[in-house]
Each structure stands twice: as C-alpha cells, then as structure tokens.
Amino acid sequence: MTSLDPTTVPGRWDSLHAVLRRLDDEIETVYADRGIVGVRPRFVYPLIRLAHTGPLTIRELAVSLGRTHSAMSQTVTAMRREGLVETAPGADARTRRVALTARSRELVPLLEAEWRATEESVAEIDDELAKKFGADDLAALKSQVSERLEAEYTGAARAVLKRAL
C-alpha cells in the first residue's frame, strides 16, 4: 500500500464523537446525582420503548428502534446485568422476550422526562446550527449536505473510473 494510514491522524469525526461522549457523561451525572446507578444513556431508549409497548423480542425491539439485532442483544445483556430487564424464552428456541423489571418501571418516568428535555435541547442546537449555515431548520440543512455529498461522491466515482481505464 502506497498511501499513509488515515487512522493515524485525527479524523473529521473525532470531535463529533467527543461531543457525544461528553453528552453521555453529562447524562450519567444527572442519573448519579439522583442516585440512579447502573443506567447508561444507551439503555434509556429501549427502556422507554418497552414501557410503552410491553415485552418484545430482542429482534422486535431492535427493529422498532432502528438498531441491529446484535447491538440490541448486547444492550439487553448489559441491562439484564443491571437488573433493568428480564428475559424469557420466546415462541421458539431462537427468540427471547424482553420485559422491564419493577426497578426499571419505577425509573422510566424520570428517564423519559430527561430524554424529552435532552431532545428539546438538541433540537434547539440543531436549529441554531442550521441557521448559521443559511438553512431554515435541520431538515433543510441535511438536504443541502446530502446534495453536496452526492455531487462529491459522483465526481469522485467518475475520477476513480477514469483512472481504472
């Protein structure tokens, strides 16, 4: 290979990932300040979903949240370790149904209130960022970025094809 390894220098995504980690850390601090132990931010979305739907299989939960089965299975295992969910055999040997425990049912109202407050804050930030880049809202900004990326990728693909010829 003749090119430099691009993973040896900071990438464009690093700062975004750092912001997301910091947000998760801040949310965990909110939980700790309220005496909530063992609840990680990635658990909240599935816990809220289960509170609204009742027990689901891991696959149903994953699909309903737009996650992979593998990722949701790992999350369910971690939540079970913390006593937040329980699992039972499903309709066949390949499935497990996931249900909230009494502990998580008590926590969900606070977790959902925190989640809604965080979503409102993120929406405000999204709108502020969109306006800075000349868009009315985040949806319009995403559309502009998508169009630009599509044009860039199309141009890059053509250049690669020309080199290959």
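Asp92 and Arg94 form a salt bridge whose closest N and O atoms are 3.4 Å apart; a salt bridge here is a side-chain nitrogen of Lys or Arg within 4 Å of a carboxyl oxygen of Asp or Glu. The model is predicted, so local features need pLDDT of at least 70 and side-chain atom pairs count only at pLDDT 80 or more, while totals for chains, interfaces and linings use all residues. Residues are numbered from 1 along each chain as its sequence is written, and side-chain values use heavy atoms, with hydrogens and water left out. Helices (H or I, at least four residues) and strands (E, at least two) are DSSP runs, numbered from the N terminus.

**Salt bridges**

- The structure holds three salt bridges.
- Buried means under 20% relative accessible area, exposed means over 50%, and partly exposed lies in between (1.4 Å probe, protein chains only).
- Arg97 forms a salt bridge with Glu60, and their closest N and O atoms are 3.6 Å apart.
- This pair links distant parts of the chain, with Arg97 in strand 3 (residues 96-100) and Glu60 in helix 3 (residues 58-65), 37 residues apart.
- Arg97 is partly exposed, with a relative accessible area of 32%, and Glu60 is partly exposed at 38%.
- Glu112 forms a salt bridge with Arg116, where the closest N and O atoms are 2.6 Å apart.
- Both Glu112 and Arg116 lie in helix 5, four residues apart, which is about one turn of the helix.
- An α-helix has 3.6 residues a turn, so residues three or four places apart point the same way.
- Glu112 is buried, with a relative accessible area of 14%, but Arg116 is partly exposed at 46%.

**Helix 2 and helix 4**

- The axes of helix 2 (residues 41-53) and helix 4 (residues 69-81) come within 10 Å and cross at roughly 95 degrees.
- Axes are lines fitted to C-alpha atoms, for helices over the stretch in contact, and angles run from 0 to 180 degrees between N-to-C directions.
- Helix 2 contributes Arg42, Phe43, Pro46 and Leu47 to the contact, and helix 4 contributes Met72, Gln74, Thr75, Ala78 and Met79; contact means heavy atoms within 4.5 Å.
- By class, this contact of helix 2 with helix 4 has six nonpolar, two polar and one charged residues.
- Ala, Val, Leu, Ile, Met, Phe, Trp, Tyr, Cys and Pro count as nonpolar, Asp, Glu, Lys and Arg as charged, and the others, Gly among them, as polar.
- The buried residues of helix 2 are Pro41, Phe43, Val44, Pro46, Leu47, Ile48 and Leu50.
- Just after helix 2, Gly54 takes a positive phi of about 85 degrees.

**The aromatic pair**

- One aromatic pair is found in a search of the whole structure.
- The ring centres of Tyr45 and Trp115 are 5.6 Å apart and the planes lie at 20 degrees, so the pair is stacked.
- Rings of Phe, Tyr and Trp (its six-membered ring) pair if their centres lie within 6.5 Å; planes under 30 degrees apart count as stacked, over 60 as edge-to-face and the rest as tilted.
- Tyr45 lies in helix 2 and Trp115 in helix 5 (residues 102-132), so the pair ties together parts that are 70 residues apart in sequence.
- Tyr45 is partly exposed at 30% relative accessibility, and Trp115 is partly exposed at 27%.
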